[in-house]
Amino acid sequence: MLLGGAAKSFANNDLPDLGTAAVNTFSLEKEMIYGDAYMRVIRSSAPMLNDPVLSQYLTELGNKLVAHATGVKTPFYFFLLQNDEINAFAFFGGHVAVHTGLFLNADNESELASVLGHEITHVTQRHLARSLEAQQKSGPATVAGLLGAILLTIAVPQAGMAALATTQAMATQSKINYTRLHEKEADRIGMQILVDAGFDPNAAADFFGKLASRYRFTTTPPQMLLTHPLPESRISEARDRAHQYPHRYVPDNLNFQLAKARIQVRFSSYSDDAVLSMFEKQLNKQTYGFKEAALYGKALALFRLKKFDESEKIIDELLKIDDNNLFYIDTKTDLLNERKDFAQATKLLEAQRKMKPTSQVINANLANIYIEAGEPAKAIPLLEDMIFLDKQNQLPYQLLNLAYKKLGNQGMEYFSNAELMALGANYKGAIDQLNFAYRASEGNPLQLARIEARIRQFKQADKEMDALK
């Protein structure tokens, strides 16, 4: 779519539940509140990707790992930031951010999963809350200032570091980074999660080693190495730890390579010609891991160059191999949309929805096709279902706003825009939109009551957000 269980235990690798250490200082309830606030700030200030195919892939991979983690006390939410920098980070409330640059630099799914397992452990062991507990002696005001600095640092690193420098007794970045003990704990427990989920334990050391070698002599290492330093001892410990597990062959995953190709074409700094040349070279020299991924990348590059017939020919061949693959279906839908063949696109997606009724890829694409085909009323229940399943996702709100606009329903257009603004912490703007919605909804008492209730909720949320700063 185009839009603007219990872990196995080794004798020397037991998994202590250290995550409760911070419970007296920073409750889980507070973590959820801060996590929600930070997420809203990120939506308004960082280049979040609302690509349904990549989001669904990352969420499914993340949840596969979480299913093998211990001490899970919060829901998890995985999301992508469009940034070529190699980085991933976790914060309050189970939020895990992944830069697209991580996909670009990982060679296989196990390497990506090793980073996710590490970040999941930071959450389950409550490392951020434990760091705050260590600052408790500095006093509540200082801890409050640190929280604000963390918020800013997550959203805008440069601004966050400036704010941190002005916070009493918190003048260095080390005050908000995880300690070496936390990093070792995340490495150890993260690898256990990795193995129990079926991935290669050597992937962590392989990825660490690759990064350390690439950036050994650079003066500007990637953000991930600033917050997660890689001394030789850490890499050797990762290799020694991996050798404790039985050797097994772990094949790579096609969907990872499809996701990587999608990012290379659509969400990286590669030029149009360069990205097409890259996949043609892979195909000519047979240097790909999966031929299907190279073909998919070429099809996306051709689409980007508006060579739609050539692109569709490749996608149709890929669909013959796997007619249920969401990466191929999404691109096929884009191609059908380009030539305004809404009937065939609708037939394809409605058939898929019977098999995958909760797939955000299928539902978002089908809703978009309904809107493009001049049937926006059909899109609304699909989008409301998407919102019910994931209230943090901006995409269904964006499509809902468009659907109501095409229907000429100004009241609901304003209402959906208010919800979108609130997701970005712009509560004052959201209240303004709700006031417009109120005036446009005269004669609809149920809708008026709903708007009044939402205005009260947003006013309270705005006060709470100010109190967190």
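**Notes on a predicted model**

1. Start with arginine 262. Its contacts, beyond residues up to four places away in sequence, are Met1, Asp51, Val53, Leu54, Phe267, Tyr296, Leu300, Phe327, Asp330 and Thr331. Keep in mind that this is a predicted model. Arginine 262 belongs to helix H12, residues 254-266. Is arginine 262 buried or exposed? The cut-off for buried is under 20% relative accessible area. Arginine 262 has 0% relative accessibility, so it counts as buried.

2. Now take helix H16, residues 326-338.

3. Check the length of H16. At 1.5 Å a residue, its 13 residues should span 18 Å. The C-alpha atoms at its ends are 18 Å apart, which agrees. The expected figure uses 1.5 Å times one less than the number of residues.

4. Look at both ends of H16. At the start, asparagine 325 places a side-chain oxygen within 2.9 Å of the backbone nitrogen of phenylalanine 327. After the helix comes lysine 340, with a positive phi, near 60°.

5. Glutamine 56 sits in helix H2. Its relative accessible area is 11%, so glutamine 56 is buried. Which residues does glutamine 56 contact, leaving aside neighbours within four places in sequence? They are Leu326, Ser359, Gln360 and Val361.

6. Isoleucine 371 is found in helix H18. With 0% relative accessibility, isoleucine 371 counts as buried. Neighbours within four places in sequence aside, isoleucine 371 is in contact with Pro376, Ala379, Leu399, Leu402, Ala403 and Lys406. Leucine 400 is 29 residues from isoleucine 371 in sequence, and their C-alpha atoms are 9.4 Å apart in space.

7. Turn to the site named in the record. An unreviewed UniProt entry lists Glu119 and Asp187 under "active site". These residues span 69 residues in sequence, yet no two of their C-alpha atoms are more than 9.2 Å apart, so they gather at one spot. Such annotations may be inferred rather than shown by experiment.

8. Glutamate 119 has its place in helix H4, residues 109-124. At 0% relative accessibility, glutamate 119 counts as buried. Aspartate 187 lies in helix H8, residues 180-196. At 10% relative accessibility, aspartate 187 also counts as buried. Not counting residues up to four places away in sequence, aspartate 187 touches His118, Phe208, Arg234 and Arg241.

9. Next, the aromatic rings. How many aromatic pairs does the count give? It comes to 14. Tyrosine 34 and tyrosine 38 are both buried.

10. Another pair joins tyrosine 414 and phenylalanine 436. This pair is tilted, with 5.4 Å from centre to centre and 40° between the planes. Tyrosine 414 is in helix H21 (residues 410-423), and phenylalanine 436 is in helix H22 (residues 427-440). The two residues are 22 residues apart, and the pair links distant parts of the chain. Tyrosine 414 is partly exposed, with a relative accessible area of 24%. Phenylalanine 436 is partly exposed too, at 35%.

11. Ring pairs join Tyr34, Tyr38, Phe79, Phe89, Phe91 and Phe92 into a cluster. Elsewhere, the charged end of arginine 266 sits over the ring of phenylalanine 303, 5.7 Å from the ring centre.

Key
Residues numbered from 1 in each chain as written. Predicted model: local features only at pLDDT ≥ 70, side-chain atom pairs only at ≥ 80, totals over all residues. Heavy atoms only, no water. Helix = DSSP H or I, 4+ residues; strand = E, 2+ residues; numbered from the N terminus. Buried < 20%, exposed > 50% of the residue type's maximum accessible area, 1.4 Å probe, protein only. Contact = heavy atoms within 4.5 Å. Phe/Tyr/Trp six-rings, centres within 6.5 Å; stacked < 30°, edge-to-face > 60°. Lys NZ or Arg CZ within 6 Å of the ring centre and 35° of its normal. Polar contact = N/O pair within 3.5 Å; in protein donor to acceptor, adjacent residues only side chain to side chain.
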